[in-house]
Amino acid sequence: MSKDQVKDLLKFIKPFSPEIQEIVLWLRNFVWDLYPHANELIYDNYNAVAFGWSPTDRVGHTFCSIAIGRTSKNIQFGFYWGSEIDDPEKMLLGQGNQYRYILVRSTKEFPKKYMKQLLKEAYANSLGKVKDPKQLMEGKTITKSISGKKRELKAKPREKIRNMKYEIRNERHRTK
């Protein structure tokens with residue numbers, strides 16, 4: 001099964017902190033365990049690393065995705081067609097015509113039961129968008145794009161302060 005094909009994804013998330021990597025891989029396993037016959041589509045883009053699940057190899061059929069912002073370091077657990085699924089607890093963020101998501105800060109706070117409910121509806125909605133049954137595929141991991149240029153990861157505030165102190169100290173040494 002494709003769940004074991006993590007080589008590209010591990011390479012793409014390597015610049016992020018171990019905590020972010022752990023959450024992202026936990027979320028990935030959460031979805032793979034529920035939808036082992038779906039296909040994982042991976043995008044290593046300029047602004048984010050994003051990957052999602054689709055019954056085909058087309059992004060337009062994606063029902064769920066995970067994205068990690070390169071500058072914000074936010075982890076989004078989202079629904080490509082989120083505007084078309086019910087959200088009775090009003091947890092989903094986003095005002096656009098399509099995408100809805102939640103921010104994930106930890107695995108303990110992740111609302112598993114509710115997300116399973118939304119995933120079920122999102123998957124059914126996604127299948128309804130597939131016009132040609134010949135497009136259906138099962139259990140593949142497909143790296144769809146790799147951006148040659150990546151936005152630099154910004155340092156966390158503590159790292160910035162530490163770097164500033166280091167630079168000030170070095171500057172003082174140079175001027176003596």
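Good morning. Tyr101 is buried, its relative accessible area being 19%. Buried here means under 20% relative accessible area, exposed means over 50%, and partly exposed lies in between, with a 1.4 Å probe and protein chains only.

Before I continue, a word on the model. It is a predicted model, in which local features need pLDDT of at least 70 and side-chain atom pairs count only at pLDDT 80 or more, while totals for chains, interfaces and linings use all residues. Residues are numbered from 1 along each chain as its sequence is written, and side-chain values use heavy atoms, with hydrogens and water left out.

I turn to the aromatic rings. Rings of Phe, Tyr and Trp (its six-membered ring) pair if their centres lie within 6.5 Å; planes under 30 degrees apart count as stacked, over 60 as edge-to-face and the rest as tilted. The count under this rule is 13 aromatic pairs. In one of them, Phe63 and Tyr123 have ring centres 5.0 Å apart and planes at 80°, so this pair is edge-to-face. Where in the chain do Phe63 and Tyr123 lie? Phe63 sits in the loop between strand S2 (48–54) and strand S3 (64–69), and Tyr123 in helix H3 (residues 112–129), so that distant parts of the chain, 60 residues apart, are linked. Helices (H or I, at least four residues) and strands (E, at least two) are DSSP runs, numbered from the N terminus. Phe63 is buried at 2% relative accessibility, whereas Tyr123 is partly exposed at 23%.

For Tyr99 and Tyr101, the ring centres are 5.6 Å apart and the planes stand at 20°, so the pair is stacked. Ring pairs also join Trp26, Phe30, Phe77, Phe79 and Phe110 into a cluster.

Next come the charged side chains. A salt bridge is a side-chain nitrogen of Lys or Arg within 4 Å of a carboxyl oxygen of Asp or Glu. How many salt bridges does a search of the whole structure find? The search finds three.

One joins Arg28 and Glu40, at 2.8 Å from N to O. Arg28 belongs to helix H2 (residues 18–34) and Glu40 to strand S1 (residues 39–44), so the bridge ties together parts 12 residues apart in sequence. Are Arg28 and Glu40 buried or exposed? Arg28 is buried at 1% relative accessibility, and Glu40 is buried at 0%.

Another joins Arg70 and Asp44, at 2.4 Å from N to O. Arg70 lies in the loop between S3 and strand S4 (75–79), and Asp44 in strand S1, 26 residues apart. Arg70 is buried at 3%, and Asp44 is likewise buried at 3%.

There is also a bridge between Lys129 and Glu84, whose closest N and O atoms are 3.0 Å apart. Lys129 is in helix H3 and Glu84 in the loop between S4 and strand S5 (100–103), so parts 45 residues apart in sequence are tied together. Lys129 is partly exposed at 23%, as is Glu84 at 39%. Lys129 has a further contact: it lies over the face of Trp81, 4.1 Å from the ring centre. A charge sits over a ring if NZ of Lys or CZ of Arg is within 6 Å of the ring centre and within 35 degrees of the ring normal.

Thank you for your attention.
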